[in-house]
Amino acid sequence: MRVRTHTLALAAATVLAATGLTLPLTTTATAAPTAPTAPSRITGDFDGNGYADLAVGVPGGTVDGKAKAGYVSVVFGGPGSSNVRRITQATVEVPGTPETGDRFGAAVTTAHIDDDEYADLVIGAPGEDIDAKADAGSVTVLYGTGDGFALANTAGRGAKAGDAYGNALTAADFTGDTDVDLAIGGKDQVVVNYNPLAARTDPLMGDRMGGRAPVMTTGDFDSDGRPELAVAFYTQNQPYTQSHVQLFRYLKEETRFGLTWSSDNSAANALAAGDFNGDGHDDLALGNCREIADENIDDPCGPEELTKGGGIHIHYGDGTGLVWEGQTLNQDTPGVPGVAEKGDDFGNALAAADIDGDGKDDLIAGAPGEAIGSAARAGAVTVLKGGAQGILTEDGKAVGAVSYQQNSPGVPGGAEAGDLFGAALGFADHNGDGSPDLSAAAPGENASAGGVWNLPHLATGTTGASVVTPNSLGLPTSSGPLTYGASLAR
């Protein structure tokens with residue numbers, strides 16, 4: 001199964017195991033689970049049973065009376081499974097202590113850190129205080145085992161107050177030594193840990209980011225066999241206005257990362273890597289792309305009129321890197337469902353995977369601000385099919401694009417104002433059928449308690465769609481919004 005996914009800042013979760021997950025779910029027409037035929041090492045499979053597990057960061061959760069101490073909810077997938085764990089800094093294996101504002105779970109990703117068959121869980125806590133340094137931030141690795149999890153260690157600690165280590169995370173083998181490395185987003189910087197078994201980090205890049213977490217993803221954009229790191233960030237009047245999407249490559253000769261490509265003056269709220277035209281080269285999609293610096297340098301996000309309501313700009317790879325000229329679309333593009341309206345935030349979340357098995361990755365775009373009827377900001381997701389020319393045809397049309405929201409047939413629930421359906425997206429094979437399942441989060445669901453929807457068969461419709469919420473999991477209530485599913489990551 002080919003899956004390419006983005007990494008969003010400020011919280012994360014793997015996707016819901018639909019037909020292989022036995023929980024008190026609200027489910028529509030769920031098919032019988034198919035047993036996996038391949039061995040483990042599946043993304044997000046912490047217990048090694050061949051089914052991806054659900055892990056949701058809830059950084060706004062109250063723990064032991066500490067507001068926004070944060071936790072991660074893990075539901076283990078597989079037929080007959082009813083194992084659910086709530087992981088906090090009070091959990092035996094986890095370093096630290098729950099404290100107000102730690103925001104443990106603000107970013108979550110999965111990787112095979114120790115190279116066994118069990119996936120490991122990486123958790124960011126950007127509000128963690130370290131040695132009296134407020135909000136220095138920390139990153140924890142929790143190791144998967146046959147019965148779920150075992151030991152944990154700290155993989156990153158902020159060096160000074162306000163570093164906010166762990167407000168964004170992504171993992172890949174950047175150096176080509178077969179070991180996983182961690183890219184860790186902090187305030188105005190990204191650092192890298194080449195050995196997540198220890199806490200040492202090295203600088204990767206630094207710049208003004210306007211107090212926001214960087215948006216990061218990985219892909220082999222120059223086709224050299226090693227992934228690069230893509231980073232998007234922007235700032236306005238702090239003390240200057242700028243916006244960038246940049247690629248960083250590990251330089252073996254210099255044993256450090258170097259900047260290899262930059263789309264200056266383009267700002268993106270989401271990134272996704274995938275081979276959308278099936279030519280064997282990774283492409284990069286920029287979600288909700290627009291100019292911030294407004295210097296009109298080579299139209300970094302494509303035609304300005306296609307940024308209305310949120311635009312997506314795609315740079316295609318040619319084997320040596322990313323080509324500047326690309327494709328741009330929004331909801332006014334022929335073949336794309338809906339109408340571009342201010343505040344739709346089309347492309348505010350992105351995910352990519354080959355959902356129909358045709359050898360070309362498809363792009364899914366979240367529009368959490370989309371109005372459904374009279375329900376403002378109810379939200380929707382749009383499936384954009386890859387093709388020989390990419391996401392659009394040569395004459396600029398989308399073919400086979402489909403939109404889903406909570407009023408769609410087969411999707412549980414109902415579209416309500418403020419649900420923000422599609423605010424975060426992710427992919428994984430949770431039912432063991434060899435095909436990627438889409439997860440769509442609605443952090444505004446049920447008065448911002450939140451929820452995560454699983455759509456396992458997008459190539460043929462929404463058969464088997466299901467939803468998990470804090471209430472269905474019996475998670476403790478909070479005096480403030482839980483925002484379960486505020487964003488997703490793998």
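Is W453 buried or exposed, and what is its relative accessible area? W453 is buried, with a relative accessible area of 2%. The model is predicted.

**Pair F76 and F149**
- F76 and F149 form a tilted aromatic pair, with 5.9 Å from centre to centre and 55° between the planes.
- This pair links distant parts of the chain, its members being 73 residues apart.
- F76 lies in the loop between β4 (71-75) and β5 (84-87), whereas F149 belongs to strand β9 (residues 148-157).
- Both F76 and F149 are buried.

**Pair F421 and W453**
- The rings of F421 and W453 pair edge-to-face, at 5.7 Å centre to centre and with 85° between the planes.
- The angle of 85° makes the pair edge-to-face because planes over 60 degrees apart are counted that way.
- Distant parts of the chain are again linked: F421 is in the loop between β27 (402-404) and β28 (424-428), and W453 is in strand β30 (residues 452-455), 32 residues apart.
- F421 has a relative accessible area of 0% and is therefore buried, the cut-off being under 20%.
- W453, at 2%, is buried as well.

**Aromatic cluster**
- One aromatic cluster is formed by F174, Y194, Y250 and F257.

**Charge over a ring**
- R86 places its charged end over the ring of Y71, 4.4 Å from the ring centre.

Note on methods. Residues numbered from 1 in each chain as written. Predicted model: local features only at pLDDT ≥ 70, side-chain atom pairs only at ≥ 80, totals over all residues. Heavy atoms only, no water. Phe/Tyr/Trp six-rings, centres within 6.5 Å; stacked < 30°, edge-to-face > 60°. Helix = DSSP H or I, 4+ residues; strand = E, 2+ residues; numbered from the N terminus. Buried < 20%, exposed > 50% of the residue type's maximum accessible area, 1.4 Å probe, protein only. Lys NZ or Arg CZ within 6 Å of the ring centre and 35° of its normal.
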